[in-house]
Amino acid sequence: MKFLPLVWAGLKRKKLRTALTFLSIFIAFMLFAFLGALKEALSGGVSMAGLDRLIVRHKVSLIQTLPESYKGRIQSINGVEAVCHQTWFGGIYQDPKNFFPNMPVEPAAFLTMFPEFVLPDAQQRAWLGTRTGAIVGRLTAERFQWKVGDRIPLRSPIWGQPAGQAQWEFDIVGIYDGTKKGTDTSQLFFRYDYFEEARQREKGQVGWYTVRVADPARAAEIAATIDGEFANSPYETKTEPEGAFAQGFAQQIGDIGSIVMAVVGAVFFTILLVAGNTMVQSVRERTEELGVLKAIGFSNFLVLVLVLLESCCIAILGGFCGLGTAWLIIASGNPIPSLLPVFFLPTGSLVSGGLLAMALGIVAGLLPAWQAMRLRIADALRRGG
Amino acid sequence: MIASSQPLVHIHNVTKTFKRGAEEIHVLSGLDLEVMDAEFLALMGPSGSGKSTLLNLIGGLDRPTAGNVRIGADRVDQLSDRQLAAWRARHIGFVFQFYNLLPALSAERNVELPLLLTGLNQAARRQHVATALEAVGLTHRAKHFPRTLSGGEQQRVGIARAIVTDPTVLLCDEPTGDLDRKSGDEILALLQSLNKDYGKTLIMVTHDPHASARASRTVYLDKGQLSANPVA
C-alpha cells in the first residue's frame, strides 16, 4: 500500500500519454463486453438449451416439414418422456422490420416441455380455453406495448391467409417471463389447433419436434433410434441435442464464436502493443529515476514489481471502467430486440474481461519491468547526468 | 565535530577496470584509502580520474574488479545484489549533482522515499520527514513539487532525502556543481553542519577548491591513484 503513491506518481508523470493509453484500453474492454453480449445474444439458445431435450427435424433441411403423425411414434420409443412440436409461422406484425419469432404449438405439451417459460396459472387456463389465444414474451410485449386482452393481426408470407378470414388474428391471453436471464422472451406462441384448422395448405405437417428423454445419458442412443424409426421413409429425420440445433441455427449467419474471438484477438494484440510501448517509453524516460530508487536501496525485485504494478494499474483501471461502462449501457436496454432476443452481459464475460485486464497489465509490463530490474545503477545515473 | 580516530571506510588495493569493446580501461589501480568516522573528506581530481567510480564503489553501486571495500564491519564487495540494496538503504545517503528528485512527487514525498523501505508506519515516516526537512530549512516547502523549487532548494530536498534514514555515510557527488555560488555556499554550509553538529561521515566529490576547503581533509585522484597533493 505504501508504494501506491509512487506507482500513481509514475502514471501522473505524463498525463496525456497515460490518459490516451487508458482510453485505448477502456474502448477495447467496452468492445470486448459488447461482443460478449452479442455472442450471448446470437448463441444464447445454445447455453440455455436443455440437456435432456432433443430436436427432431427433417433430414434434408429445417424448412422441410414432418408429418404430425410422427408424434405418437416418437412418443412410443423407449426412453422418450414427452414430445411436442413447433412450426415456423413467420408472421409479420404491421411491418417486416418488426420481426419476432412466432409459432403454433400445443399449449399443454409445450408448457410442460419448456418450464423456463413462466406463465401465471390464470393465463395458462385462459390460453387453454381460448382457441385464438396467444402468449407473448415480455420483451416483445413491451416492445409493442401489448397487454392481455389485445387482439393483434399477423400476416404470414409462408402460410397465406387463413380460411375465411382476411388475416390471422390472435388474442393475447398471457405474457410469459423467463426463469433465467438468458431465456428468450421475444417469441409469440399460439394454438396449433387453430392454425391447423385455418391454414390452407400442408395440413397435418409440423416444423420440428422437441423430445424430452428420461435419461440424458441415453440421448445419443434415443436420437439414433428415432432416426432409425423413420429411415427410408419420405420424411427421414435428423435428431440432435437441442444445444447443437440452436448452434446450427445461430451459425446460419456465421461462426459467431470464431468471429468474436478474431475481433477480440486483433483488438487485444493492438492494445497490448500500445500499452507495452507506453510502458517501455515510460521506463526509458525514467532510467535516471529508477537508478536513484535503486541507489537509495530499492531492490531490483521491488523495482520490477513497481513497474509491473504501474502497468497493471492502468490496464485494470481502463479495463474495469470499460467493462463497467459497457455493463451499464447493456443493462439500460436491448437496442435491437428484433435481431437480438436476449441482450445482456454474461457474468462469465465480465469475469474473463477482468482477468484479461490483469493479464494485459502483466504482459504489457513484463518487458519494461525486466529492463528496469536489470538496469545497472551506475549506468542509469551516468545516462541521467 | 572532530573526526574520531576510528576508520569507518576501508578501501584496500582496489582496482576497477571497464571494458569498451576489446579495450580495457583501468580507472582505479590498486587504490588504498581510509576515511575516519565523522570525517568530511573531499575527493578532487580532473574529469575521468575515477572520482565518481570510487564513490560508486564506496556506496555499493558498483563492485571493484579486484581488492576490497569495507564500511564498518561490512565487506561491501562481497554482498549480493539484494544484500547490497538493503545495505545501501541502511547505511548510505546519496546527494547527487543534479538533485535527482522524482518530479511527480512533492518535496516531502521525495524525502519519504528511503523510509518506504523501513518498517516505519505512516505517522513515524511523516515525523522523520518533518525532522529532515527542518534540518535543511525547508519545512515551508514540504508540499511543493521539484519544478517549483530553486536549484538550491532542490538540493536541500536531496540532502533531506539522504539524511532521513540517519545513514552511516553521506556520499555527495559534486553537490554544488549545478548551483550558483550563493546557493552552493549554503549547501556546503549545510553539509559542514551535518558533519560538525551531527557527526555525519561525508565523502564529497568536487572539482571546486572552494568546496573542498570546507572539508576536513582533501585527497586528490589522478589516473586511478590517490595523492595528498593537487595534481600538477
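Predicted model: local features only at pLDDT ≥ 70, side-chain atom pairs only at ≥ 80, totals over all residues.
Local features need pLDDT of at least 70 and side-chain atom pairs count only at pLDDT 80 or more, while totals for chains, interfaces and linings use all residues. Residues are numbered from 1 along each chain as its sequence is written, with chains lettered from A and ligands numbered from 1 in the order in which they are written.

Let's start with chain B, which has seven helices and 10 strands; these are DSSP runs numbered from the N terminus, with helices being H or I of at least four residues and strands being E of at least two. Of its 232 residues, 50% are buried, meaning that 20 or more other C-beta atoms lie within 10 Å of the residue's own; exposed means 12 or fewer, partly exposed is in between, and the C-beta atoms are placed from the backbone. Take the contacts in chain B between residues at least 6 apart in sequence: 71% of them join residues at least 24 apart. A contact here means C-beta atoms, placed from the backbone, within 7 Å.

Now find the open sheet in chain B, where six strands run in the order 6-7-8-3-9-10 with mixed pairing. Two strands pair if DSSP finds at least two bridges between them. At the edges sit strand 6 and strand 10 (225-227), each pairing on one side only. From one strand to the next, the twist averages 20°. Strand 7 (residues 169-173) and strand 8 (residues 201-205) of chain B are parallel, with five bridges; one bridge links B:Asp173 to B:Val205. Helix 1 (residues 51-58) of chain B packs on this sheet, touching strands 3, 7, 8 and 9, and its direction makes about 150° with that of strand 8. Such angles run from 0 to 180 degrees between N-to-C directions, using lines fitted to C-alpha atoms, for helices over the stretch in contact.

Where the chains meet, chain B supplies 22 residues and chain A 21 residues. On chain B's side, helix 2 (residues 81-91) gives the most, with six residues.

Most residues other than glycine have a negative phi. B:Tyr99, though, has a positive phi of about 70°; it lies in the loop between strand 6 (92-95) and helix 3 (107-112) of chain B. A:Glu202 has a positive phi too, near 50°, and belongs to the loop between helix 7 (192-198) and strand 10 (205-206) of chain A. B:Tyr99 counts as buried because it has 23 C-beta neighbours inside 10 Å, whereas A:Glu202 is exposed because it has 12 other C-beta atoms within 10 Å.

Conventions. Contact = placed C-beta atoms within 7 Å.
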